[in-house]
There are 2 protein chains.
Amino acid sequence: MNNSVKWYEKEGPVREEVVSTRVRLARNLRQYPFSCRATAQQKAEIEEKVKSALLSGNSILSREFRFVPLEDLNEIQSMSLVERHVVSPEFIADPRGKAVLVNEDESVSIMINEEDHLRIQVMGSGLTLKETAETADRLDTLLGETLDFAFDPQLGYLTQCPTNLGIGMRASVMLHLPALTATGAMNRLFASLSKLGMALRGSYGEGSKVVGDMYQLSNQITLGLSEAEALANLSSISDQIIEQERKARQQLLSGLSAQDKVFRAAGVLKSARLLSSEECMELLSLVRLGLTGGLLHGLDFAALNSLCVKLQPNTLSANSNVPLDEAARDTLRATVVRSALETIKE
Amino acid sequence: MNNSVKWYEKEGPVREEVVSTRVRLARNLRQYPFSCRATAQQKAEIEEKVKSALLSGNSILSREFRFVPLEDLNEIQSMSLVERHVVSPEFIADPRGKAVLVNEDESVSIMINEEDHLRIQVMGSGLTLKETAETADRLDTLLGETLDFAFDPQLGYLTQCPTNLGIGMRASVMLHLPALTATGAMNRLFASLSKLGMALRGSYGEGSKVVGDMYQLSNQITLGLSEAEALANLSSISDQIIEQERKARQQLLSGLSAQDKVFRAAGVLKSARLLSSEECMELLSLVRLGLTGGLLHGLDFAALNSLCVKLQPNTLSANSNVPLDEAARDTLRATVVRSALETIKE
């Protein structure tokens, strides 16, 4: 992790309800079996082909990428990559034959030999579906100039899991929904979204826990529609949820009980000496709500977003020069938060 | 409740561990049956006799007393008297035939027709066993000049409950024992104290709950020893407990977990918009600990003691000009605390 400003340290559009946007394309090389059946030798060849397709390309896009074989990283470094959303949790489970190409601000990464041979991923701060999809498409085109992607005229892109067949695209927005959560509206939302071909999950995708009222909304249908249609659906549904959240916040924050929770959260974060990751995220969620509702002032969303990533257990350890046990992490986390929230005011 | 400074708004000796001292004498008039058997007419006579014995006395002591028939007070005012320790909880259960004489700073009160005809009570801030006992004795002497107390040469003062027979004196110190509580030492202490003829109870005596780590230590033996001996025993045992508490605090506050709790407590009290009485007392206990341990600064014990009384539910209501429901009290309590703790610093 170098010191340049990362994508998550910036502010994006609709930042009060949308933390980030992600577009991910699944691609496979026609002449190789899917990753699960590929030999070590074949995986090495795939790695080499993808790497050179990107790094030897003529596009300015390719200049700023680092090639990182997963086996070169220790466990803390790998887990920090997951916390920063550069790679998926599944990707690091077995590092053999896996590598990632990642650009300087970490907004673009290409996982090699994940479930599919390539997972092209583009992230952006706030709600930026159009821009992130365009960047992903440009990378797809660039790589497609050299690589022969498995594509069927009938089915579209071929992927290891049939749920990705077709456009091979999964787009998602990370929504901050404290008010819909507090008012108990989420269960209804979960049910209705699955009927619309959308999924709502925890911050780290499938099977992950919802922490700090952060929900990942993503498209589930990839077959029988175009990328543009899938993006339009996601955009329209996320707009509706954002609208509901805005109304719920107005209602919620007019009550003393929610105000009390927001002010207490800031009070605790400004004074605690020990903070677990989960408690910290729950309290920062209330602070985020307080900032959007005008109860709190003096901290911008860029700083808040950056904090939410840097305070993750492994990223905290990776950025420190000494190994940290849980108690040491909780202490360091509290120190970092106190300093970051010094400027916050009622 | 008038506006003069009350005894509990002052600082006393050994204030870091002892909030207050109380000495209470039980006396009965020889020519009347005990309160539980006295008729309304007899109770009225007792009231009149005690009142005139005090108020028509020549002592300067008698000048500043108010005579308050319990039936003149509404429920909130009566319950506030209990919260301020002017009367016992039992005293207000049935107001008929009861009255209290109370001086301006509320350090001296005489309950009339409680369990005994007279309960002379003197309170002081901090550890002041000698001074409070002297004041109680002076009052006893003054009243004894006019009133004929039931006294048996063999048994001493006669009281309705045999546990008060003899000297009829109950002395107590209100100890703040957060460290002995946190380290789990209290159970051992409870057991050993009862063997020594001492009782350790919640803030409001027998059957009351321990809130905010406040314990009332009192002598249980009144028969077969002099007042001076009883006071010396209590003093010696409270000194030992204070010493144990001091050691436990040093140990406790050297740990990050206790420091975290102290700083969080101050953070919450400085920011909350809703505070229940019990949560408030628990958090103020931690703030008190933080002030004694040098973690917190900028609030004196006089202000803290005053706050602990004024924030009690009925005293809060009694001091307010409008009737308050629980939510309104919790809001007002939070506002009062925020303002009082504005000066507090790490």
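In this predicted model, the contact between the two chains draws on 15 residues from chain B and 15 residues from chain A. The size of an interface is often given as the accessible area lost when the parts come together. For chain B and chain A, the buried area comes to about 1400 Å², and carbon and sulfur atoms account for 56% of it.

Between chain B and chain A, 4 salt bridges are counted. One of them joins B:R273 to A:E346, with 2.6 Å between the closest N and O atoms of the pair; the cut-off for a salt bridge is 4 Å. The interface of chain B and chain A also holds 12 residue pairs in polar contact, where both residues have pLDDT 80 or more. On the side of chain B that touches chain A, the largest share comes from helix α7 of chain B, spanning residues 256-269, with 7 residues. Sorted by class, the residues on this side of chain B comprise 6 nonpolar, 4 polar and 5 charged.

The structure contains 2 cavities of 30 Å³ or more. The largest cavity has a volume of about 50 Å³, and its lining is made up of B:S20, B:T21, B:R22, B:H85, B:M123, B:S172, B:V173, B:M174 and B:Q216. Two or more residues of this lining come from each of the elements β1 (18-27) and β8 (169-176) of chain B. In terms of residue class, the lining of the largest cavity has 5 polar, 3 nonpolar and 1 charged residues.

Strands β1 (18-27) and β8 (169-176) of chain A each contribute at least two residues to the lining of the second largest cavity. Its class make-up is 5 polar, 3 nonpolar and 1 charged residues.

Definitions and conventions. Residues numbered from 1 in each chain as written. Chains lettered and ligands numbered in written order. Predicted model: local features only at pLDDT ≥ 70, side-chain atom pairs only at ≥ 80, totals over all residues. Heavy atoms only, no water. Contact = heavy atoms within 4.5 Å. Buried area = accessible area lost by both parts, 1.4 Å probe. Salt bridge = Lys/Arg side-chain N within 4 Å of Asp/Glu carboxyl O. Polar contact = N/O pair within 3.5 Å; in protein donor to acceptor, adjacent residues only side chain to side chain. Helix = DSSP H or I, 4+ residues; strand = E, 2+ residues; numbered from the N terminus. Nonpolar A, V, L, I, M, F, W, Y, C, P; charged D, E, K, R; others polar. 1 Å grid on protein atoms, 1.4 Å probe; cavity = no way out; pocket = protein on both sides within 12 Å on 5 of 7 lines; lining within 4 Å. Points joined across faces, edges and corners; volume = space filled by probe spheres on them.
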